[in-house]
Amino acid sequence: MDESKMQYSQYRSGMLTNGIERSAHRALLYSTGLDTDDLHKPLVAIVNSFTEMVPGHIHLRELADHVKQGVLQAGGIPREFNTIALCDGICQGHRGMSYPLPSRENIADSIEMMIEAHHFDAMVMLPGCDKIVPGMLMAAARVDIPTVFVPGGPMMAGKYKDIDVITLTDMREFIGKVQTGKMQLEELLEIEKRALPTYGTCAMLGTANSMGCLTEILGFTLPYCSTTLAVSAEKRRIAKQSGKRIVEMIAEDLTARKILTREAFLNGISATMAMGASTNTVLHLMSIANEAGVKLNLTDFDAISRNVPYICNVKPSGKYPLSVVHDNGGVPAVLKAIESKLEKNHLTITGETMLENIRETPLVENDVIFPLYQPKNEEGGIAILYGSLAPDGAVVKKSGVKPSMYRFTGRARVFHSMEDASYAVSNDQIKEGDVIVIRYEGPKGGPGMREMHMTTSLLVGRGMDESCALVTDGRFSGSTRGPCIGHISPEAAAGGPIAAVEDGDRIIIDIPNRRLDLDVPPEVIKERLAKVKHIVKPRTPALAKYAALVTSADKGAVLKVPNE
């Protein structure tokens with residue numbers, strides 16, 4: 001018997017096809033429509049997250065077809081499978097909003113299982129919204145094969161009468177305006193139908209677009225891909241080019257971990273600070289670094305925040321939708337603006353370093369991308385706070401806080417859920433000088449670390465963002481702005497000081513000095529914590545498993561197997 005006839009593939013996927021003992025395996029592959037010639041070609045996974053439920057994903061089935069065209073033209077065999085995709089903006093109620101962050105781990109696990117079980121040679125990822133992007137990046141770090149990302153892209157911003165730019169941020173804040181008589185309900189109902197005029201990820205720099213941009217910043221997309229509109233022909237051309245590029249990367253053995261170095265993560269943080277991106281990028285970058293075996297902690301974020309200024313005038317902290325950034329050069333233009341702040345040895349999927357990629361990129365200096373010498377803010381968009389209320393750290397989007405609230409001292413008003421806090425705001429129970437404390441909303445206590453966006457949007461919409469503040473062990477939407485501090489660690493469920501806060505306690509916020517303090521003597525805090533009766537919220541089987549394994553926000557809310 002001539003065994004050489006049984007050697008079909010020189011690639012990783014040869015595990016499925018090579019040798020007489022793989023006869024049944026080949027039969028299964030033939031049954032899917034492959035022929036003998038196909039068995040000699042590299043097998044490329046098209047990792048999709050299409051769903052009809054989410055506007056940032058509803059077009060991904062069609063976009064995947066363009067990727068496949070590129071793979072086929074370059075000599076590869078594309079095979080598509082899907083992951084789940086939850087929309088933070090749609091998920092509501094205590095149970096609904098508890099699932100998006102845990103879904104990140106589910107997505108990473110499901111991709112790992114499919115890639116490793118079927119021995120794919122490479123993969124092209126098609127994410128859209130908030131947790132899908134980091135889940136896919138975590139999976140890329142785990143399986144370490146050639147990987148290209150094609151994020152779905154932002155939607156167009158809405159318009160209504162004399163309101164030129166409407167994003168999801170505005171929709172949430174309009175609710176507070178209706179409650180205070182600044183807008184009519186009938187007008188709000190009309191705006192709903194015009195606010196989000198196309199499919200795609202929400203038009204501002206929320207978590208979805210922050211993470212989409214990070215795929216490009218980290219080096220996993222072709223230039224300009226992340227900010228290209230979802231509805232554009234340009235997006236489809238880039239998708240096809242990405243399919244061609246992934247086949248080339250197999251030959252080059254350019255795998256994910258060769259890109260996901262510490263230099264890449266530091267550049268990711270730098271660009272995050274420059275753009276005024278979502279605070280959720282802190283959670284996700286740390287979780288991706290954990291999978292890549294790269295050391296990263298909160299001190300890295302704070303050090304870079306003090307060195308890299310905030311320069312992008314993008315909603316929710318600025319004026320423009322993300323499409324305007326694309327029109328002004330996209331992510332490459334932002335990177336060019338902060339070129340002097342970037343790490344040099346950062347390889348990307350082009351086969352060149354980031355700095356080589358932007359070598360010919362023109363410098364843009366205007367009111368969309370501010371010059372480095374005259375930024376929107378001298379410091380980066382995110383700040384890390386420490387203090388007696390957050391011994392292990394807390395996160396605030398400084399770019400979304402008005403300067404008058406950089407320092408604030410107020411009275412604690414304690415709540416155990418976002419719904420209770422939102423009810424108090426809506427019914428005029430929160431007064432000037434109050435600091436809303438929402439606890440037992442952390443990764444373990446929630447469980448799932450829900451977004452507190454209902455409460456924050458009400459505060460801003462009602463014009464209370466210069467007289468009240470909010471602190472929580474939960475997190476925020478990427479669309480959040482205002483004096484809102486989240487990710488407090490340790491969380492209440494883990495015995496953190498936030499569990500000891502009582503109504504009327506003084507809370508001191510000092511963003512310039514990176515402090516968040518509970519103005520209560522340490523011995524009193526210790527005494528209160530010894531007596532506290534922790535709240536345990538209802539849990540489904542999936543959430544109970546998550547709560548049992550999840551670590552704190554300052555570690556990225558990654559899962560840790562006991563005794564690991």
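# A loop residue and the model around it

The place of methionine 449 is in the loop between β10 (434-438) and α19. Phi of methionine 449 is near 55 degrees, a positive value in a residue that is not glycine, and with a relative accessible area of 0% methionine 449 counts as buried. The structure in which this residue sits is a predicted model, and what follows should be read with that in mind.

A second residue with a positive phi is tyrosine 224, whose angle is about 75 degrees although tyrosine 224 is not a glycine. Tyrosine 224 belongs to the loop that runs between α9 (207-218) and α10 (233-252), and, with a relative accessible area of 32%, tyrosine 224 is partly exposed.

# The chain as a whole

The protein chain contains 21 helices and 14 strands. Its radius of gyration is 24 Å, close to the 24 Å that the globule rule gives for 564 residues, so the chain is as compact as a globular protein of that length.

Of the 564 residues in the protein chain, 61% are buried. Among the contacts in the chain with a separation of 6 or more, 74% are accounted for by residues 24 or more positions apart. The accessible surface comes to about 21100 Å², and 52% of that surface belongs to carbon and sulfur atoms. As for charge, the chain has 62 positive and 67 negative side chains, and the centres of these two sets lie 2 Å apart.

The buried residues of α19 are His453, Thr455, Thr456, Ser457, Leu458, Leu459, Val460 and Gly461. After the helix comes glycine 463, whose phi is positive, near 75 degrees.

Serine 422 itself lies in helix α18 (residues 418-426), and at 4% relative accessibility serine 422 counts as buried.

# Two cis peptide bonds

Where in the chain does proline 316 lie? Proline 316 is found in the loop between α14 (298-307) and α15 (322-327), and the peptide bond that joins lysine 315 to proline 316 is cis, with omega about 15 degrees. Proline 316 is buried, with a relative accessible area of 5%. Leaving out residues up to four places away in sequence, proline 316 touches Thr169, Met204, Leu205, Lys397, Gly478, Ser479, Thr480 and Arg481. Proline 316 and asparagine 513, by comparison, are 197 residues apart in sequence and 24 Å apart in space, C-alpha to C-alpha.

Another cis peptide bond joins serine 489 and proline 490, and omega there is about -5 degrees. Proline 490 is placed in the loop between β12 (484-489) and β13 (506-510).

# Alanine 292 in helix α13

Alanine 292 is part of helix α13, which covers residues 280-292, and alanine 292 is buried, with a relative accessible area of 8%. Once its neighbours within four places in sequence are left aside, alanine 292 is in contact with Ala141, Arg257, Leu260 and Phe265. Alanine 292 and isoleucine 369 are 77 residues apart in sequence, and their C-alpha atoms are 31 Å apart in space.

# Cysteines without a disulfide

How many disulfides does the rule give? With a disulfide taken as a pair of cysteine sulfur atoms within 2.5 Å, the count comes to zero. The sulfur of cysteine 312 is 8.7 Å from the closest cysteine sulfur, which belongs to cysteine 213, and that is too far for a bond. Cysteine 312 counts as buried, at 0% relative accessibility.

Cysteine 484 is likewise in no disulfide, and the nearest cysteine sulfur, that of cysteine 468, is 11 Å away. At 5% relative accessibility, cysteine 484 also counts as buried.

How values were computed: Residues numbered from 1 in each chain as written. Predicted model: local features only at pLDDT ≥ 70, side-chain atom pairs only at ≥ 80, totals over all residues. Heavy atoms only, no water. Helix = DSSP H or I, 4+ residues; strand = E, 2+ residues; numbered from the N terminus. Rg over C-alpha atoms; globule rule 2.2 N^0.38 Å. Buried < 20%, exposed > 50% of the residue type's maximum accessible area, 1.4 Å probe, protein only. Contact = heavy atoms within 4.5 Å. Areas by Shrake-Rupley, 256 points an atom, 1.4 Å probe, with all protein chains shown as cover. Lys, Arg positive; Asp, Glu negative; His and termini not counted. Charge placed at Lys NZ, Arg CZ, Asp CG, Glu CD.
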